[in-house]
Amino acid sequence: MRFAIKTRPEHTTWQQMRDVWVAADQFEIFESAWHWDHFYPLSGDMQGPNLEAWTTLAALAQATSRIRVGCQVTGMIYRHPAVLANMAATTDIISGGRLELGIGAGWNEMETAAYGIDLYPLKERFDRFDEGTQAIIALLTEKVANFDGKYVKLTEAYCEPKPVQTPHPPITIGGKGPNRTLRAVAKWAQQWNVIVPNPQEWKPLKDVLVQRCEEVGRDVGEITCSVNVRIDPDSPLDKAVAEAAAYGEAGVDLVVMNLPLDAPPSVLEPLAKALAPLA
């Protein structure tokens with residue numbers, strides 16, 4: 001099994017989050033660190049602070065040296081795909097080739113309504129996501145990119161300099177929709193992330209992913225399957241570790257341990273020791 005951490009950029013400070021990521025960088029058992037892409041908190045006071053994803057991600061890449069860095073996941077509706085491709089390329093360069101490019105269709109109605117961002121009907125949102133993903137890949141891999149979609153168009157478009165990783169930073173697609181999301185995973189992703197309550201609900205989704213991969217001629221073994229396990233600050237650490245172990249037994253490749261809000265860097269050493277027998 002492989003492990004990562006995730007911090008919540010809500011109701012916290014830049015210094016607090018940076019210190020946790022810098023500490024995680026010292027523990028080899030944590031292969032990657034993640035946060036989310038939202039403008040409002042997802043819990044507590046919705047008027048409270050929430051750090052923006054990509055500016056903090058670039059800074060966290062600079063503050064660390066080993067651990068891979070990613071956003072779980074970037075809402076495609078928030079940034080034009082060509083802009084996001086340039087952001088990803090630059091962040092991969094800043095990190096020295098450690099970016100994990102997490103993307104999703106987007107869903108947060110509160111944020112989009114407040115900011116005047118179009119939250120398109122579900123089908124159109126996924127149509128735009130599919131086109132955006134293809135456009136991003138084209139910009140990151142081709143010297144001159146052209147794409148003629150219904151919603152996204154590139155005309156002799158450049159994205160320079162290119163990212164360090166080739167052909168492009170690994171793409172993580174988040175979500176569990178059996179038709180659109182898992183088909184997109186089969187076509188374009190190197191990692192699939194999903195949040196489910198238990199391994200029993202994960203297994204049928206993995207079976208659907210296997211089917212989608214067969215439909216597009218892809219080996220499902222090329223895709224890292226990851227899930228999130230939340231550490232409850234009011235429960236023994238052993239509970240979260242046992243949950244991670246159960247996912248591993250079900251066939252999950254990577255478990256992302258979601259740290260409690262405002263967890264100090266000191267939580268990482270006992271977590272690393274507790275997970276070591278599973279690695």
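Q: Is Phe 30 buried or exposed in this structure?

A: The model is a predicted one. Buried means under 20% relative accessible area. Phe 30 has a relative accessibility of 0%, so Phe 30 counts as buried.

Q: How is a pair of aromatic rings described?

A: Such a pair is described by the distance of the centres and the angle of the planes. A search of the whole structure gives five aromatic pairs. One of them joins Phe 27 and Phe 30, with 6.2 Å from centre to centre and 70° between the planes, an edge-to-face arrangement. Phe 27, at a relative accessible area of 24%, is partly exposed.

Q: Which parts does the pair of Tyr 40 and Tyr 115 tie together?

A: The rings of Tyr 40 and Tyr 115 are also edge-to-face, with centres 5.8 Å apart and planes at 90°. Tyr 40 belongs to the loop between β2 (30-35) and α2 (53-63), and Tyr 115 to helix α4 (residues 109-115), so this pair links parts 75 residues apart in sequence. Tyr 115 is partly exposed, its relative accessibility being 43%.

Q: Which residues form one aromatic cluster?

A: The cluster consists of Phe 39, Tyr 40, Tyr 78 and Tyr 115.

Q: Where does the charged end of Arg 128 sit?

A: The charged end of Arg 128 is placed over the ring of Tyr 120, at 3.8 Å from the ring centre.

Q: Which residues does the domain annotation cover?

A: An unreviewed UniProt entry annotates residues 10-247 as "domain: Luciferase-like". In the model, this span is 43% helix and 18% strand, and its end C-alpha atoms lie 27 Å apart.

Notes. Residues numbered from 1 in each chain as written. Predicted model: local features only at pLDDT ≥ 70, side-chain atom pairs only at ≥ 80, totals over all residues. Heavy atoms only, no water. UniProt positions renumbered as here; feature names shortened; annotations may be inferred. Helix = DSSP H or I, 4+ residues; strand = E, 2+ residues; numbered from the N terminus. Phe/Tyr/Trp six-rings, centres within 6.5 Å; stacked < 30°, edge-to-face > 60°. Buried < 20%, exposed > 50% of the residue type's maximum accessible area, 1.4 Å probe, protein only. Lys NZ or Arg CZ within 6 Å of the ring centre and 35° of its normal.
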